[in-house]
Amino acid sequence: MSEDYFSFVNQLFNSSKIWEKPEVLKGIRVLELTHAIFGPQVGRVLAQFGAEVIKVEEPWDGDLFRTATVWSRYWKHSNIMFHVMHANKYFVAINLKKEKGRELIKKLAKISDVVVENFRAGLAEAWGIGYTQLSKVNPKIIYLSCSGYGQWGPLRFFPSVDLVAQSMAGVATLTGFPGQTYKLPDYYGDFLPGMFGVISVLTALYYREKTGKGQYIDLSQAECLMRVMHNFTYLSITEKEIGCTGNIDPTMSPSGIFKTKDGKFIALAIATDEQFYKLLEAMNKSSSIINNEKFSKIHERLKPENMEELIRIVEEWVKTKSMEEIIELAKKYGFPASPVMDDWEIFNDEWRRERGSIVTVNDEMYGEAVLPGPVVMLHKTPGRIKWLSRPVGYHNKYVFKKLLGLSDEEIKQLEKEGVIGYWDNKPGLKPPIYYDLKNDKIFNY
Amino acid sequence: MKNEKPQVFSKHLADRKVLKQLSIFEEILLKMMTSIENKPEALSDVLVLEVSYANFAGIITASILAELGAEVIKVEPPEGDPARKITYNSVYFGDVGIPFLVESRNKHYITLDLKSEEEREKFKKLVSKASVIIDATKPGFMDSLGVGYRQLKEINSGLIYAAISPYGHYTSKAKEFSNIPDTDLTAQAASGFPALIGDPKLPEPYNYPIRAGIWAAWYMTSVLAVTGILLALIHKAKTGEGQMIDLASNDAISVCHGYPIAMAYIFEKARPRIGIYDYIAFPYAYLPCKDGNVAVVCIRDEDFRGLLKILGRWDLEDDWKSILDRITDDISRLEMLGLELKKEFSKYACDELVKKALSYCIKSARKKIGGGFPIIVKTMSPSEVLKEKHWKIRNALLEIEHPIHGKFIIPNFPAKMSETPPRIKWIKYGLGEDNEQIRKKYNLD
């Protein structure tokens, strides 16, 4: 083959062609009874790949996450992260505490493929919109319940958020230098479980495609975190804890986060003997270290005392090189290294824009925004960000008229009875003040 | 299960009738969700070939697909995947490291030397039967041997080819950085995780950016890869078409939660590291008590008021009333309130404080109006989690007996599914263990 492999792959993922390509989940309707991050993450990813996701909120208040801003900073009178979580979705506001509200949910469930909820365990069932009730209306439904500890077992009613789940799963005691304890940042305890939610829904959709059968899925946030820990296995074999190891990855020797000559932080980690020899070559230290049997083989290097000695040697070497020099050596010799990147460096990283991991969206209501792109890249059915989130109840008329066939009078009546509603006059819930709502065709559908 | 009276932490559940309904629901679930043996597996018609080299993102991706029922064959060079040797503190089980043991779920193992033409033909024969290939080798390596996506799609047009590497297989950086191998630590660094963990006010080196104490990046990359593969399988079920999927582990965490991108966009700078504190809620932290740490979470103002009542510090209410008072980019202000809380927390043993908060929440749930839900739980270590009976009832941690090396524990798949329950059927890891069986089954000789 004469063509360069990388230009071949570049062609496959050419970003200018994305909008001509099909969406894999087109025609799949998802009813999202969610709040905060865990549940919405499931709908977010499904919506990136073409599913029609209807987000149901409480009238007036909406999802609590709408006002959960970093440092209380709003962007165009809205929470920028709410846009990240809710791009491409439809927004209706239904009062679930009213019988008529639950009837609306049942009508929507009847014409949906997937229901996702992340109320307190049991609450959806208590409100008459749980799996046992909605599967009667729609036997083919795929119903995902997201909760802290699952829908059965003695802990099921216990409250959970990301940080609490990290504590209950045992993650909480693993990050930091010995004696310290830090949380995993940016709600990893919500986003990772959210991805397990996506995986289980897609698996159920694949099965339904073959058999026509729906199913119930019970997903526990804490169990997702436990799935990605090796600590239980280590403990069961050694009867010891791995514990906190600061910057060192205890499975990689040498490894750590080091300071370069120009005062920058760099992560280095050596996974194999081959990578170790490459690093030594780059350090110009081959002969003295390779012959030392404490270091030549991986199982020797991984012994804590040997690892520590090696890390000191690497630390001294890193001090004599600039960040750029080390990255150049890593590219040339082939050992794992990366700068420690912060928000600003990530945002300005041209590579991520080229990949499509950072995209510029032009939204009818909010104008231009720069946001994360789809979470995974597929060349024939790529994900995309089509529009940003909308105020509470923005799609009420659109959804109730178009999908449920309600008349203007019926909708007015439901509004009057407080069954459906719109936004309170607060940032995060309402449209930007300068937005011309009167001429909005979707809102006034 | 015994009929212990459940404690609830939600106003909507604090009702005898509702609790009765939910105990019936729990019985339905126990029947519907816990018998798995005779149920079908969702991916039973999917053959996956895993080709990874010292890259656990590939290994974990294959492991999850195997838990969902796919037939997974790990194809290794005759000397084996170096990932087998990666482990904690040089602890091995048999001859494999702890991570390899944890991720050796439901797999088959064959050895094929892809550098030999004869063996490559056998590989191609397998590919013609496969739905999915996971390529977690150096970008371009498979193509250089004539078994990359552009050659294999010619012999199997329905092939789904998932490429996993630090910088991906496309963009201008792909080729330039193809020599740099993947590790969890370097991927965490490139994704902006360590830049948010730690406390810059501490003395060196405790003020360095800190690594998340689990393989946060490798696991995130894997769940995104599984997501991409399932989406492609759904497209294939509808159209017969395969496609290429690209994962960049250096990008996985940041694109999945999106915070670094959205935050840099609105603040035009990086968020600084702020120790134990959080950016959107206060308190949302691990705080030290007399005998250990607790996680304390107060999301809404009423939750914070509840905490002040528990601590008997109503005097703080006036200055820190609203979330707008408590959340600020002025770290010295965060610390002012933080110090007050730390002072109070240090007066209690963990269990004492946890109990106080729980009984406050239970009372809140029964009040008609008012009453917040300040959540306080102990930050548990993995060995404490192992003792929790809730996880035993849910089968979250499985004990497995190896005929030679004895018992060990591994975490189960976190999503419980009623029709197609994911499951661990066996754990085995012998290099080339299934050579004969697979060669026969697929007629490779």
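Strand β12 (residues 377–378) of chain A runs antiparallel to strand β8 (residues 243–248) of chain B, and the two pair over two bridges. Here, strands pair if DSSP finds at least two bridges between them. Within this pairing, A:L378 stands opposite B:I245 in β8(B). Strands (E, at least two residues) and helices (H or I, at least four residues) are DSSP runs, numbered from the N terminus.

Before we go on, a word on the model and its labels. This is a predicted model, where local features need pLDDT of at least 70, side-chain atom pairs count only at pLDDT 80 or more, and totals for chains, interfaces and linings use all residues. Residues are numbered from 1 along each chain as its sequence is written, while chains are lettered from A and ligands numbered from 1 in the order in which they are written.

**Where the chains touch**

The contact between the chains takes 149 residues from chain A and 159 residues from chain B. Two residues are in contact if their C-beta atoms, placed from the backbone, lie within 7 Å. On chain A's side, helix α8 (residues 188–211) gives the most, with 16 residues. That side of chain A divides into 92 nonpolar, 36 polar and 21 charged residues. Nonpolar means Ala, Val, Leu, Ile, Met, Phe, Trp, Tyr, Cys and Pro; charged means Asp, Glu, Lys and Arg; the others, Gly among them, are polar.

**A look at chain A**

Chain A has 19 helices and 12 strands. Its C-alpha atoms fill a box of roughly 85 × 50 × 50 Å, taken along the principal axes. The domain assignment gives domain 1 (5–228 + 359–416) and domain 2 (255–342), with bounds that come from an automatic or database assignment. The C-alpha centres of these two domains of chain A lie 42 Å apart. Of the 445 residues in chain A, 59% are buried; a residue is buried if 20 or more other C-beta atoms lie within 10 Å of its own, exposed if 12 or fewer, and partly exposed in between, with C-beta atoms placed from the backbone.

| Peptide bond | Omega | Loop holding the proline |
|---|---|---|
| A:S253 to A:P254, cis | near -5° | between α10 (231–238) and β7 (255–259) of chain A |
| B:F282 to B:P283, cis | near -10° | between α11 (259–267) and β9 (284–289) of chain B |

Now look at B:A54, which has a positive phi of about 50° although it is not a glycine. B:A54 counts as buried because 24 C-beta neighbours lie inside 10 Å.
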